[in-house]
Amino acid sequence: MGDEQGGYQIDLGNLAAFGPHHQFASVLDNREDLLKECISHGTKLIQAVADALFNLPSTEDASGPVVSLPPPSTKFPREKPLPKPKPLTSWAEFAIKKGIQNRKRDKRVFDEQTDSWKRRYGYDRVNDDNDLPIIEAKMTDEPGVDPFAKRRSEKRQRVEKQEKNRLHNLKAAAKVGALPSHVQLAATALPITGTQAAPRKVSKDELQNVAGMAATSTASGGKFDKKLAGEKPPKHDKKYRKFLPVVEGSGMGSLEKQQSDKILNKLMAKNSHEIFNVGKAVDMYNAKSDKKRRNQQGKSSSTSSKLKVKKSPYKNKSTKKSSSISLEEII
Amino acid sequence: MLRIKTPKSLRAKRELEKRAPKLVERGKKTLILHGTKTSNTLNAVLTEIYHLKKDNAVKYSRRNDNIRPFESGGETSLEFYSLKTDCSLFVYGSHSKKRPDNLVIGRTYDHHIYDLVEIGVENFKSMSSCSYDKKLAPLIGSKPFFAFIGEGFENVEELKHLKEVLLDLFRGQVVSNLNLAGLDRVYVCTAVSSNKVLFTHCALRLKKSGTVVPRVELVEVGPSMDLVVRRHRLPDEGLKKEAHKVPHELIKKKEKNVSKDAIAGKIGKIYVPDQQVGSASLPFTPKGVKRERREAKAKGEDKKHAEKKQK
């Protein structure tokens with residue numbers, strides 16, 4: 001309660017008194033005096049709070065008078081966000097729709113077979129499947145079906161269905177953000193970016209690339225790796241060098257002639273216009289001449305050449321042809 | 001892939017439920033730690049604060065080099081500790097030439113820094129140096145009184161912030177039922193200037209007076225220090241609004257149609273909806289006289305025969 005008591009504001013919920021109107025008559029140099037004045041003034045404030053407090057209706061308890069405090073008037077921030085309301089589980093929705101009341105079940109149930117009180121679940125329970133000695137056959141039963149196995153499989157199905165429903169309910173709660181407090185979601189594979197999102201699915205090409213990289217990183221280059229059922233064979237699984245046959249005729253289609261012709265054509269400038277990239281050469285020439293012109297302009301006003309960065313005399317800047325010729329490729 | 005993790009033991013489950021966000025919150029815990037360098041006074045201050053709040057405080061004794069609360073990257077350690085110990089208040093002490101005897105008091109919201117106040121401690125007087133009658137010593141965990149003197153606490157923004165933080169730090173658990181016999185401590189804060197606050201902890205002595213209200217007497221027991229406000233960081237508006245939200249269920253609902261009268265006592269009003277006598281549904285459906293029913297039935301059958309023939 002924010003009462004005004006003799007010029008003080010009182011917050012009973014926090015047992016606090018605020019006295020904003022006090023004026024210090026003089027800045028007291030002596031610390032002792034200052035402290036004394038603080039304490040005396042504090043006493044007055046606390047007396048005001050105590051007045052309000054002891055005047056509240058109190059009940060007598062064994063240890064002393066107990067007073068019911070009003071809620072505090074100064075607002076404080078919470079330490080955690082408000083809990084989100086849980087969405088109803090599918091069973092809860094169904095129960096509300098049908099008007100099913102939740103009934104408390106007894107822990108002990110009377111077992112007719114043994115005439116004793118047994119647990120409803122757990123060790124030594126009432127309707128345990130393992131305890132059944134005889135299952136009577138019904139008219140609807142097919143011959144050849146094991147009724148004990150059938151019971152067991154039915155129970156397993158029921159358990160699986162329940163587990164599926166439980167996960168479905170948890171997912172629905174997680175979507176809203178209202179997971180129960182003891183359940184946490186853990187990412188089994190940590191994303192590199194550190195976000196909480198699950199990593200996206202990998203595509204076929206990416207998988208093939210990764211498999212290829214893994215294969216080449218083996219000692220034998222992935223040649224003897226066991227391939228799985230659906231995996232495609234490696235793209236270039238043959239040798240990378242081609243050797244000509246030892247004995248061969250020297251007709252028109254002779255391989256050796258073809259080979260040497262190929263090399264010579266590439267080296268000599270017979271098809272040089274296909275190899276030489278005119279546009280690129282022109283661009284390079286223009287850029288070089290521009291740069292030279294700029295440097296010359298700069299030279300007339302700037303420092304001497306001694307202070308300039310000397311270009312290394314060892315590097316040769318010959319004009320490169322666009323295609324690189326490697327002997328390996330030809331052979 | 002996300003996997004569901006549930007606690008494997010009941011004890012772990014209970015701990016997790018304790019730390020979950022609730023509608024009505026339990027008291028805040030405090031984490032007390034210090035940085036790279038501390039002075040003697042600062043060590044004493046930290047231990048005294050820990051003793052004052054023994055019930056709900058955690059004190060770390062190692063030094064923490066990488067905590068800088070006011071810098072953007074230096075608060076990650078603090079947030080991690082706050083998460084691990086479930087503390088939403090922290091007191092971080094450090095000492096340097098530029099900021100001697102420095103205390104940073106901060107609050108967290110959802111384990112992220114909410115606001116900070118940096119104060120310097122001067123003229124520290126510890127509990128052991130005050131001489132008083134030992135019978136008056138306040139017990140741990142008792143709810144304290146607060147007295148804030150001075151207009152600075154209303155006008156100056158930094159002092160307003162400091163007042164809030166000090167109240168939050170020392171107030172203890174918010175209770176609705178209080179035993180009046182257990183009141184024995186007072187915190188007195190005086191705003192001496194626009195950035196200096198005298199902070200004292202006193203024991204309370206209730207003396208007999210004629211009326212129900214006892215006479216209050218303050219005896220200085222505990223630590224007393226001068227707090228000089230250096231820096232502070234207020235929470236940003238959106239976060240502040242979110243942190244101050246009161247859940248819908250806790251807002252007291254006004255009882256409608258009830259009023260109190262001096263003569264008659266408690267009066268309630270009942271509103272009766274309009275009764276429509278003509279269109280009300282009766283418990284039995286009027287069937288009509290037997291002869292009319294017979295005739296109507298006969299007519300209906302004729303109609304049916306006629307329809308069949310047409311088909």
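In this predicted model, the contact between the two chains (heavy atoms within 4.5 Å) takes 77 residues from chain B and 60 residues from chain A. The area buried between chain B and chain A, that is, the accessible area (1.4 Å probe) lost by the two parts on being put together, summed over both, is about 6,300 Å². Carbon and sulfur atoms give 64% of this area.

Between chain B and chain A there are 2 salt bridges, each a side-chain nitrogen of Lys or Arg within 4 Å of a carboxyl oxygen of Asp or Glu. A:R78 forms a salt bridge with B:E25, with the closest N and O atoms 3.6 Å apart. On the side of chain B that touches chain A, strand 11 (residues 215-233) of chain B gives the most, with 7 residues; strands here are DSSP runs of E of at least two residues, and helices runs of H or I of at least four, numbered from the N terminus.

Strand 5 (residues 65-68) of chain A pairs with strand 8 (residues 177-179) of chain B in the antiparallel sense over 3 bridges, where pairing requires at least two bridges found by DSSP. A:V67 stands opposite B:L178 in strand 8 of chain B.

Chain A averages a pLDDT (the predictor's confidence in each residue, from 0 to 100) of 80, and 79% of the residues score at least 70. Over residues 321-331 of chain A the pLDDT is below 50. Where pLDDT is low, the predicted coordinates should not be read in detail.

Residues are numbered from 1 along each chain as its sequence is written, and chains are lettered from A in the order in which they are written. Local features need pLDDT of at least 70, side-chain atom pairs count only at pLDDT 80 or more, totals for chains, interfaces and linings use all residues, and side-chain values use heavy atoms, with hydrogens and water left out.
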